[in-house]
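Reader: I am new to this one and would like to go through it piece by piece. Please show me the sequence and the model before we start.

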Amino acid sequence: MPYLYGHNLRIRASERTDIPLFLRWINDPDVVSNLETYAPMGIEEEEAWFTAMKSRPIDEHNLVIEVHPDGQDQEWVAIGNISFFPIDQIARSVEIGIMIGEKDYWNKGYGTEAMRTMYRYGFEVLNLNRIWLRVYDTNPRAKRAYEKAGFVYEGTMRQAFYKHGQYIDAHVMSILKSDWIESRKDVAH
Ligand SMILES: CC(C)(COP(=O)(O)OP(=O)(O)OC[C@H]1O[C@@H](n2cnc3c(N)ncnc32)[C@H](O)[C@@H]1OP(=O)(O)O)[C@@H](O)C(=O)NCCC(=O)NCCS
């Protein structure tokens, strides 16, 4: 798969050599605070996950978000993951997940930009019609990033998850191919 380029980032396939990086991110309590992940992960669990992930269709593989570190336009540094999974082949609908594991890179617009980059891939290359996600009510940063990226609120799954000793509501958001085409018209004018 060729790299996917956004304005300030690129998205590439994940490699087995990325596993130590993934392991650091997935074991950071701040990073996974609003994710379903709950148990400490070791190298064996991560390698098993990686092998299973790579055995899925290529469109559902975990991808790596890379950006330029400050002031170094020639360098690329991996800051997080993004993936479509699972793809409903009949409805052309897919859930998207994102995790920026490098906390220094939060709140810099990369999450929003990574989503927009995946829209182009999803709608123009994979011919998807709907991209959706679930976001915890306790994750205002993510909700804001998704709204900026054009996701529309669909509804709330009440007490759908349990984290930090409490049940948590999760909001379902989505973007349709028609929404995306419409938003690009706004940009063109
Ligand atoms: C959630 C995540 C993908 C967002 O990516 P990001 O690059 O940090 O987000 P962006 O910079 O694109 O946008 C964040 C927005 O939220 C705002 N924000 C940050 N904290 C906020 C808060 N507590 N309340 C409201 N808005 C907040 C930022 O100001 C920014 O909005 P602005 O551009 O209007 O100022 C990223 O932070 C991440 O991966 N976090 C850890 C894992 C995770 O939670 N994944 C998502 C699971 S659904």
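**Reading the model**

Reader: In which loop is the place of Asn 127?
Author: Residues are numbered from 1 along each chain as its sequence is written. This is a predicted model, in which local features need pLDDT of at least 70 and side-chain atom pairs count only at pLDDT 80 or more, while totals for chains, interfaces and linings use all residues. Helices (H or I, at least four residues) and strands (E, at least two) are DSSP runs, numbered from the N terminus. On that numbering, Asn 127 sits in the loop between helix 3 and strand 6 (130-136).

Reader: Does Asn 127 count as buried or exposed?
Author: A residue is buried if 20 or more other C-beta atoms lie within 10 Å of its own, exposed if 12 or fewer, and partly exposed in between, with C-beta atoms placed from the backbone. Asn 127 has 9 C-beta neighbours inside 10 Å, so Asn 127 counts as exposed.

Reader: What is the phi of Asn 107?
Author: Asn 107 belongs to the loop between strand 5 (93-100) and helix 3 (110-125). With 12 C-beta neighbours inside 10 Å, Asn 107 counts as exposed. Asn 127, which is not a glycine, has a positive phi of about 55°. Asn 107 is also a residue other than glycine with a positive phi, near 65°.

Reader: Which peptide bond is cis?
Author: Look in strand 4 (residues 77-88), where Pro 86 lies. Omega is near -5° for the cis bond from Phe 85 to Pro 86.

Reader: What pattern does the protein follow along the sequence?
Author: There are five helices and eight strands in the protein. Taken in sequence order, they give β-β-α-α-β-β-β-α-β-α-β-β-α.

Reader: What is the radius of gyration of the protein?
Author: The C-alpha trace spans about 50 × 45 × 35 Å along its principal axes. The radius of gyration is taken over C-alpha atoms, and the globule rule is 2.2 Å times the number of residues to the power 0.38. For 189 residues a compact globule would have a value near 16 Å, which agrees with that of the protein, 16 Å.

Reader: Which residues touch the most other members of the largest nonpolar core?
Author: A nonpolar core is a set of buried Ala, Val, Leu, Ile, Met, Phe, Trp, Tyr and Cys residues joined through C-beta atoms within 7 Å. In soluble globular proteins, nonpolar side chains tend to be buried together. Of the 34 residues in the largest core here, those touching the most other members are Ile 65, Ala 114 and Tyr 146.

Reader: Which helix gives the largest share of this core?
Author: Two residues are in contact if their C-beta atoms, placed from the backbone, lie within 7 Å. Not counting residues up to four places away in sequence, Ala 114 touches several residues, including Leu 9, Ile 65 and Ile 98. The largest share of the core, six residues, comes from helix 3.

Reader: Within what arc do the buried residues of helix 1 fall?
Author: In helix 1 (residues 19-26), the buried residues are Phe 22, Trp 25 and Ile 26. The arc is that of the directions from the helix axis to the C-beta atoms. Seen down the axis, the buried residues line one face of helix 1, because they fall within an arc of 90°.

Reader: Which residues on the other side of helix 1 are exposed?
Author: The buried residues of helix 1 have a cover that includes helix 2 (43-54) and strand 5. On the other side, the exposed residues are Pro 20 and Arg 24.

Reader: What do the buried residues of helix 4 pack against?
Author: Ala 145, Tyr 146 and Ala 149 are buried in helix 4. They fall within an arc of 95° and so line one face of the helix. These buried residues pack against helix 3, strand 6 and strand 8.

Reader: From where does the largest share of the shell around the ligand come?
Author: A residue is near a molecule if its C-beta atom, placed from the backbone, lies within 6 Å of it. Of the 21 residues around the ligand, those that come nearest are Gly 111, Thr 112, Pro 140, Ala 142 and Arg 144. Strand 5, helix 3 and helix 4 (140-149) each supply at least two residues of the shell. The largest share, five residues, comes from helix 4.
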